[in-house]
Amino acid sequence: MSTSTTASVSTHILDTSIGRPAEGVAVHLSARSGRGAHDGQGGDWQALGGSATDADGRCKDLPALPEGTTQVRLDFAVEAYFERREKKQAETQQDAPAHRDSGATEVFFPEVAITFAVRAGEHYHVPLLLNPFGYSVYRGS
């Protein structure tokens, strides 16, 4: 939860290729203070910890941001999610007719790293819309 001196972050993931939340995706949170790496004024990234998405595709227990945080990075480990999904799908369809696409799902983006600026006192909800070949993010509410 944000306070007047800190910001807070939450996220969720929707797998748009199946129209369902992406469960079990590891999400790591890092933060830094300062103006930013591009101008030489930013601090080093500080790993704060992580979580995994629940059955609703939400991370409800991301660590709190330290006071003075100006930038946040969310790292989503999506390759392992797609591998598990593919394995589960193959097991479910073991006796079913073969897919039109035989073989494993390729994943173009094995991980997704999103970096964004934050201000103290604000909450930032950052949804990830995901499929094996693309993704989209936005500041939600």
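In this predicted model, the residues lining the largest cavity divide into 8 nonpolar and 2 polar, with no charged residue among them. The lining consists of V78, F82, V107, F109, V112, L130, N131, P132, G134 and Y135. Asparagine N131 and glycine G134 both belong to this lining, and glycine counts as polar here. Three elements each supply at least two lining residues: α1 (78-92), β8 (123-131) and β9 (134-137). The space inside the largest cavity comes to about 30 Å³. The structure holds 1 cavity of 30 Å³ or more.

Read from the N terminus, the order of elements is β-β-β-β-β-β-α-β-β-β. The protein has 141 residues, and 33% of them are buried. Among contacts with a separation of 6 or more, 69% join residues 24 or more positions apart.

The largest nonpolar core contains 25 residues. Within this core, L74, F76 and F116 touch the most other members. At least two core residues come from each of β1 (8-15), β3 (26-32), β6 (71-77), α1, β7 (112-117) and β8. The largest contribution is that of β8, with 4 residues. Both α1 and β8 also supply at least two residues each to the cavity lining.

The surroundings of F116 show how one of these core residues is placed. Neighbours within four places in sequence are left aside here. Beyond them, F116 is in contact with V9, T70, Q71, V72, L74, Y124 and V126. One of these partners, L74, is itself among the core residues that touch the most other members.

A120 lies in the loop between β7 and β8. With residues up to four places away in sequence not counted, A120 touches T3, S4, T5, T6 and A7. S8 is 112 residues from A120 in sequence. In space, the two C-alpha atoms are 8.4 Å apart.

Note on methods
Residues are numbered from 1 along each chain as its sequence is written. This is a predicted model: local features need pLDDT of at least 70, side-chain atom pairs count only at pLDDT 80 or more; totals for chains, interfaces and linings use all residues. Side-chain values use heavy atoms; hydrogens and water are left out. On a 1 Å grid over the protein atoms alone, a cavity is a set of points where a 1.4 Å probe fits but cannot get out, and a pocket is an open set with protein on both sides within 12 Å along at least five of seven lines; lining residues have an atom within 4 Å of a point. Grid points are joined across faces, edges and corners, and a volume is the space filled by probe spheres set on the points. A nonpolar core is a set of buried Ala, Val, Leu, Ile, Met, Phe, Trp, Tyr and Cys residues joined through side-chain atoms within 4.5 Å. Buried means under 20% relative accessible area, exposed over 50%, partly exposed in between (1.4 Å probe, protein chains only). Contact means heavy atoms within 4.5 Å.
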